[in-house]
Amino acid sequence: MRVNPFYVSNLTISLNQTQATEQQLTAELSSGVRVNSLSDDPLAAGENVLLLNQMQRDDSFTQTSSMVQGQLQVADSALGGVVAQLTQAVTLATSADNGTLNASDLKSVSNQIAGIRDEVVSLANTSYQGQYIFGGSQTGAAPFSISNATTPATATYNGDANVNYLQTPNGQRIQLNVPGDQIFMAGGTTSVLGVLNQLVADFASGTPAGTSVSDTTALSTALNFVSQQRVVVDNSLTRLTAATDAASSEQTQLTAAQTTLMQADVAKISTQLSMAETQQTALEDVISQVGAGSLFDKLQG
């Protein structure tokens, strides 16, 4: 009977392969991860990289959106305060226009509207985490100031007209700010600070100026315009909240998919490991018999 001269060598190779398989299975059981290197499962490893990248994008977005949501909420609150202040100013100016107030009362209205204007300026200079939110991209310095060197007083905007956006993981762009000049100094009848300054001057002398009625109407128009700009902020906040919820949900789903892809199947691996150990024992017995000559003698018998 012919004997394969490479029989022992082949047995040794098989034994080495079995031992390597055992080591891999043992490592998977210990780590709980079935793919520890690219060679273990190239396809799964590639899919895992894609999943991790998307999870990282979602995580980065949710972290950024958390800060931006706070900024939008502060902006909404500030504009709500401006609306309340302007509503009060309209009431005061309307009462001053009806001809029933004396000179002292009119001067008092002028002072009260000046106080409202200063409060509006303070709200327009609102900051969040050290950054001014109505300065466009110029967030390091207060965007608005008032000079009383002229009559009426003059408002100055030190920001810019830049609008900032945040891109969501699915490619949407969400507006994050409304530049302050667009809200408070848009020009014409919608120039909040300009109209307030004019009304302060209208009643300062104790006699209503000829433009006081039209200025009061202009302030009502400016009030409506601020309310519209607040809607822009509210819409951005709603969209950002929805996008954040979607990213968080997707991140949860991707984490589950990544776990399923990479997690070791303990029951399956335990069975495979048991089979490998049985195979190793069998191979070791055969090699041992070959080394003692008994198997060779049987093959020659």
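Q: Which residue in β4 is the bridge partner of I146?
A: The model is predicted: local features need pLDDT of at least 70, side-chain atom pairs count only at pLDDT 80 or more, and totals for chains, interfaces and linings use all residues. Numbering starts from 1 along each chain as its sequence is written, and side-chain values use heavy atoms, without hydrogens and water. Strands (E, at least two residues) and helices (H or I, at least four) are DSSP runs, numbered from the N terminus. In β4, I146 has as its bridge partner A155.

Q: How many bridges join β3 to β4?
A: Strands count as paired if DSSP finds at least two bridges between them. β3 covers residues 144-147 and β4 covers residues 154-157. They run antiparallel, and the bridges that join them number four.

Q: How many residues lie between β3 and β4 in their hairpin?
A: The two strands form a hairpin. P152 is found in the loop between them. The count of residues between β3 and β4 is six.

Q: Which residues make up the covered face of β4?
A: In a regular strand the side chains alternate between the two faces of the sheet. In β4, T154 and T156 form the uncovered face. The covered face holds A155 and Y157.

Q: Is the peptide bond from T151 to P152 cis or trans?
A: Most residues other than glycine have a negative phi, and most peptide bonds are trans. From T151 to P152, omega is near -5°. That bond is cis.

Q: What is the phi of Q129 near?
A: Q129 sits in the loop between β1 (127-128) and β2. Its phi is positive, in a residue other than glycine. The value is near 50°.

Q: Is Q129 buried or exposed?
A: Buried means under 20% relative accessible area, exposed over 50%, and partly exposed in between (1.4 Å probe, protein chains only). Q129 has a relative accessible area of 59%. Therefore Q129 counts as exposed.

Q: What distance separates the C-alpha atoms of Q129 and M67?
A: Along the chain, the two residues are 62 residues apart.

Q: Which element gives the most to the lining of the largest pocket?
A: On a 1 Å grid over the protein atoms alone, a pocket is an open set of points with protein on both sides within 12 Å along at least five of seven lines, a cavity is a set where a 1.4 Å probe fits but cannot get out, and lining residues have an atom within 4 Å of a point. The pocket lining includes M67, Q131, Y132 and N164. Two elements give two or more residues to it, α2 (42-97) and β2 (131-132). With three residues, the one that gives the most is α2.

Q: How many charged residues line the largest pocket?
A: Ala, Val, Leu, Ile, Met, Phe, Trp, Tyr, Cys and Pro count as nonpolar, Asp, Glu, Lys and Arg as charged, and the others, Gly among them, as polar. The pocket lining has five nonpolar and seven polar residues. Its number of charged residues: none.

Q: What volume lies in the largest cavity?
A: Grid points are joined across faces, edges and corners, and a volume is the space filled by probe spheres set on the points. The structure holds one cavity of 30 Å³ or more. Among the residues that line the largest cavity are L72, A75, F134 and V178. Its volume is about 40 Å³.

Q: Is T216 buried or exposed?
A: T216 is found in helix α6 (residues 212-262). Contact means heavy atoms within 4.5 Å, and beyond its neighbours within four places in sequence, T216 is in contact with V90, A93, T94, D97 and L199. With a relative accessible area of 6%, T216 is buried.

Q: What is the relative accessible area of V195?
A: V195 lies in helix α5 (residues 192-204). V195 is buried, because its relative accessible area is 6%.

Q: What share of the residues in the chain is buried?
A: The chain has eight helices and six strands. It holds 301 residues. The buried share is 37%.
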